[in-house]
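Hi everyone, thanks for coming. Let's take a look at the model on the screen together, and do follow along in the viewer.

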Amino acid sequence: METVLSLGRRVRLLRDHFGLRQDEFGARAGISGNRVSEIENDKGGTTASVLMSLCREFPVNPEWVLSGKGMMLKGDPESALPAVDFSVRINVLERQMRRVLEAETHREPGEAIARVPLYIGAVPAGTPDMAAGEIEEYLDMPASWVRGKKNIYALKVNGDSMIDIGIMHGDTLLVEAREKAKHGQVVIASINGEVTVKTLSISGGGAVSLIPENPAYRPIAITPDMDFRILGIVLAALRHYG
């Protein structure tokens with residue numbers, strides 16, 4: 001069976017190819033040198049946004065970043081690397097990156113732009129807090145990102161309870177306004193008038209809870225006495241560097 005370089009080894013090869021120190025490479029990707037070291041040693045720290053940033057900052061093939069197969073650099077047949085004895089695992093963050101990259105790849109020149117309202121205040125990824133209801137500004141997004149849906153809005157993230165799936169403090173969430181969601185979807189939810197972003201969990205017996213994606217936080221069990229509502233489904237987490 002063909003095996004490929006681990007994600008950390010691929011990142012190290014990319015950095016070495018351009019002759020950058022870990023701090024220099026991290027600055028290009030919007031992360032610290034220490035975090036680059038963690039990634040290269042396969043100790044975590046990789047998010048979809050980091051991988052996307054690498055694909056924007058360097059002429060690297062997204063498919064190679066995702067799977068380790070094919071050419072490392074775009075249009076360079078000499079950058080194809082031999083397989084070695086490391087198995088690849090396409091995790092949640094890499095799959096998220098693939099979805100966003102595919103959306104960008106299939107965007108046509110002159111594609112229509114959708115104006116998405118960004119609401120004032122941050123939706124907490126941590127302890128629930130009140131969410132403001134006023135619009136701060138409108139964001140211009142590729143129409144393909146909103147998938148033809150009309151009920152799309154954006155919120156900023158405050159906190160780190162969702163970092164294990166690549167949702168970081170300060171990110172902008174693209175949300176579809178919906179009142180129902182399925183087990184496993186990342187949702188914007190209101191609990192007694194306070195708003196948070198979490199993964200929805202529905203057990204076989206119908207018990208509902210909101211699950212953080214950070215072991216430092218506890219799940220929130222939804223009880224009948226709570227005023228609990230789903231406000232939307234998270235479609236994407238966007239991050240600005242600079």
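Let me begin with Met71, which is partly exposed at a relative accessible area of 31%. By that I mean between the two cut-offs: buried is under 20% relative accessible area and exposed is over 50%, with a 1.4 Å probe and protein chains only. Met71 sits in the loop between α5 and α6 (92-105). Helices here are DSSP runs of H or I with at least four residues, strands are runs of E with at least two, and both are numbered from the N terminus. Asn61 is ten residues away from Met71 along the chain, and their C-alpha atoms are 6.8 Å apart.

A quick word on the ground rules. This is a predicted model, so local features need pLDDT of at least 70 and side-chain atom pairs need pLDDT 80 or more, while totals for chains, interfaces and linings use all residues. Residues are numbered from 1 along each chain as its sequence is written, and side-chain values use heavy atoms, leaving out hydrogens and water.

Now the overall picture. The protein has seven helices and nine strands. Of its 242 residues, 43% are buried. Its accessible surface is about 13000 Å², and carbon and sulfur atoms account for 51% of that; the areas come from the Shrake-Rupley method with a 1.4 Å probe, and for residues only the protein chains shown count as cover. If we take contacts between residues at least 6 apart in sequence, 63% of them join residues at least 24 apart. Contact here means heavy atoms within 4.5 Å.

Next, the aromatics. How many aromatic pairs does a search of the whole structure find? The search finds two. Rings of Phe, Tyr and Trp (its six-membered ring) pair if their centres lie within 6.5 Å; planes under 30 degrees apart are stacked, over 60 edge-to-face, and the rest tilted. Phe18 and Phe58 make a tilted pair, 5.0 Å centre to centre with 45° between the planes. That pair links distant parts of the chain, 40 residues apart: Phe18 is in the loop between α1 (7-17) and α2 (22-29), and Phe58 in the loop between α4 (48-57) and α5 (62-67). Phe18 is partly exposed at 31%, whereas Phe58 is buried at 3%. The other pair is Phe25 with Phe58: the centres are 5.3 Å apart and the planes are at 20°, so this one is stacked. Here Phe25 comes from helix α2, 33 residues from Phe58, and both residues are buried. Together, Phe18, Phe25 and Phe58 form one aromatic cluster.

While we are at α4, please colour it by burial: eight of its ten residues are buried. Among them are Val50, Leu51, Met52 and Leu54.

On to helix packing. α1 and helix α3 (residues 33-40) pack at about 125°, with axes 7 Å apart. Axes are lines fitted to C-alpha atoms, for helices over the stretch in contact, and angles run from 0 to 180 degrees between N-to-C directions. So α1 is oblique to α3, because angles under 35 degrees count as roughly parallel, over 145 as roughly antiparallel, 65 to 115 as roughly perpendicular, and the rest as oblique. α1 brings Gly8, Arg9, Val11, Arg12 and Arg15 to the contact, and α3 brings Val36, Ile39 and Glu40.

Last stop: Asn192, in the loop between β5 (186-191) and β6 (194-202). Asn192 is not a glycine, yet its phi is positive, about 55°. Asn192 is partly exposed, at 49% relative accessibility.
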